[in-house]
Amino acid sequence: MERLLIDLGEDSYYIDIDEDLLEIMDKAIDSGDKIVLITDKNVDNLYGKAIEKFLKDKKPYKITIPPGEKSKTMATVEYILSQMLDCGLTRNSKVIALGGGVVGDIAGFSASIYMRGIDFVQVPTTLLAQVDSSVGGKTGINMPAGKNTVGSFYQPKAVLIDTKVLKTLPKRELISGIGEVIKYGIIYDDMFLNDIKNEFEAILKLDYKVMKKVIRRCCEIKAAIVSQDEKEKGIRKILNFGHTIGHGLEAITNYKKYTHGEAVIIGMYYEAKLAKSLGYIKETYFKEITDIIHKTEVSLDITMLSLEDLTHAMIKDKKNRGEKISFILPIDKGKVKEVLLFPNEVMW
Ligand SMILES: NC(=O)c1ccc[n+]([C@@H]2O[C@H](COP(=O)([O-])OP(=O)(O)OC[C@H]3O[C@@H](n4cnc5c(N)ncnc54)[C@H](O)[C@@H]3O)[C@@H](O)[C@H]2O)c1
Ligand SMILES: [Zn+2]
């Protein structure tokens with residue numbers, strides 16, 4: 001088993017990575033007085049029964065929400081909280097978030113406000129959640145005004161990553177997770193970017209050794225960044241590479257056309273192009289970035305969308321300052337920086 005420490009003083013916790021971790025879950029989850037498992041319908045159908053068995057005498061309550069981004073609303077939070085109250089959960093109870101980023105974000109947010117905060121454990125089941133959303137303590141929901149506009153910084157007590165559950169993940173969701181994996185290489189570790197390129201086929205085949213190594217490296221990078229800047233006042237912003245355009249694309253297509261990871265893949269491509277146009281990177285490095293982006297086979301054609309709508313959506317991004325849009329752009333191998341641009345300076 002791989003074990004990593006997220007070093008946040010009093011709020012420190014471990015990330016454990018292995019196959020078959022779910023089967024020994026009861027040992028990893030020290031008992032509170034009651035346990036509630038929050039999951040979505042798809043994950044419940046696949047793993048619900050097995051998890052209840054693995055948790056043995058801990059006998060969890062279960063709250064199941066519909067799958068997908070549309071569940072990340074205040075109405076779902078209210079539903080979850082009332083179920084938690086009905087089950088009689090106390091301050092000593094524990095929430096287990098079993099699912100992708102949607103379940104992790106909403107279960108984490110619910111845990112953070114239930115009785116002013118109860119313990120929660122992340123058990124991420126998508127690649128995106130295993131390499132990104134389950135680590136770092138950002139929780140939240142979407143509001144009509146925008147994605148993730150309401151939430152909290154609330155760290156889990158542990159993250160349990162079972163690589164075996166990725167076997168049931170649809171290919172599209174696997175590719176979405178690979179988008180965030182590529183991001184880590186570009187923002188932090190060029191050697192890792194090369195490894196991803198060389199081992200792309202093995203990743204697609206979910207080769208156990210490769211996946212364990214890849215997930216570990218992503219979590220290590222995220223841990224290093226989050227440990228320095230838990231509340232995103234500085235360096236944590238670099239994790240937003242690909243996300244200014246990515247979030248814009250998700251917003252103008254009503255979160256229906258793209259998965260989050262696909263939008264990030266397209267966003268990384270156009271933000272790298274923007275960096276090249278502005279002279280931050282040379283053609284050769286741009287080509288290195290795009291070579292790997294092309295491997296995902298996500299269509300980069302956004303000509304059917306209105307650039308004006310996209311710019312408009314990006315202006316509303318919560319990371320902006322004043323009239324300027326905040327971009328994280330590559331400036332060298334494994335290096336990015338924040339660049340603030342007026343809307344009319346955005347071009348590729
Ligand atoms: N908190 C953070 O730091 C952070 C970071 C990145 C993304 N996010 C959020 O994460 C969300 C996206 O997460 P996601 O991509 O995991 O999406 P998701 O949670 O919607 O999961 C994608 C789909 O895969 C299904 N699924 C999950 N695990 C499965 C498995 N093992 N086998 C088969 N199907 C499975 C789900 O039911 C769902 O239909 C977005 O809301 C995004 O804002 C948060
Ligand atoms: Zn993301």
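Helix H9 (residues 208-228) lies across E1, strand E2 (13-18) and E9, and its direction makes an angle of about 10° with E1. The model is predicted. E1, E2 and E9 belong to an open sheet of seven strands. Helix H10 (residues 243-252) has nine of its 10 residues buried, so the rest of the structure largely encloses it.

**The sheet**

- The strand order is E1-E2-E9-E6-E5-E3-E4, and the pairing is mixed.
- Strand E1 (2-6) and strand E4 (61-65) form the edges, each pairing on one side only.
- Direction ignored, neighbouring strands of this sheet are turned by 20° against each other on average.
- Strand E6 (residues 119-124) and strand E9 (residues 158-162) run parallel and are joined by two bridges.
- Glutamine 122 has valine 159 in E9 opposite to it.

- The buried residues of H10 are His243, Thr244, Ile245, Gly246, His247, Gly248, Leu249, Glu250 and Ala251.
- After H10 comes asparagine 254, which has a positive phi, near 55°.

**Packing of H10 against H11**

- Two packed helices are described by the angle between their axes and the distance between the axes.
- For H10 and H11, the packing angle is about 130° and the axes are 7 Å apart.
- This angle makes H10 oblique to H11, and the crossing is right-handed.
- On the H10 side, the contact involves His243, Thr244, Ile245, Gly246, Leu249 and Glu250; on the H11 side, it involves His260, Ala263, Val264, Ile266, Gly267, Tyr270 and Glu271.

**Valine 103**

- Valine 103 is located in helix H4 (residues 101-113).
- Valine 103 counts as buried because 31 other C-beta atoms lie within 10 Å, where the cut-off for burial is 20 or more.
- Leaving aside residues up to four places away in sequence, valine 103 touches Ile38, Thr39, Asp40, Ala97 and Leu98.
- Valine 103 and glutamate 308 are 205 residues apart along the chain, and their C-alpha atoms are separated by 32 Å.

Technical notes:
Residues are numbered from 1 along each chain as its sequence is written. Chains are lettered from A and ligands numbered from 1 in the order in which they are written. This is a predicted model: local features need pLDDT of at least 70, side-chain atom pairs count only at pLDDT 80 or more; totals for chains, interfaces and linings use all residues. A residue is buried if 20 or more other C-beta atoms lie within 10 Å of its own, exposed if 12 or fewer, and partly exposed in between; C-beta atoms are placed from the backbone. Helices (H or I, at least four residues) and strands (E, at least two) are DSSP runs, numbered from the N terminus. Two strands pair if DSSP finds at least two bridges between them. Axes are lines fitted to C-alpha atoms, for helices over the stretch in contact, and angles run from 0 to 180 degrees between N-to-C directions. Two residues are in contact if their C-beta atoms, placed from the backbone, lie within 7 Å. Angles under 35 degrees count as roughly parallel, over 145 as roughly antiparallel, 65 to 115 as roughly perpendicular and the rest as oblique. A crossing is left-handed if the near helix is turned anticlockwise from the far one by less than a right angle, and right-handed if clockwise.
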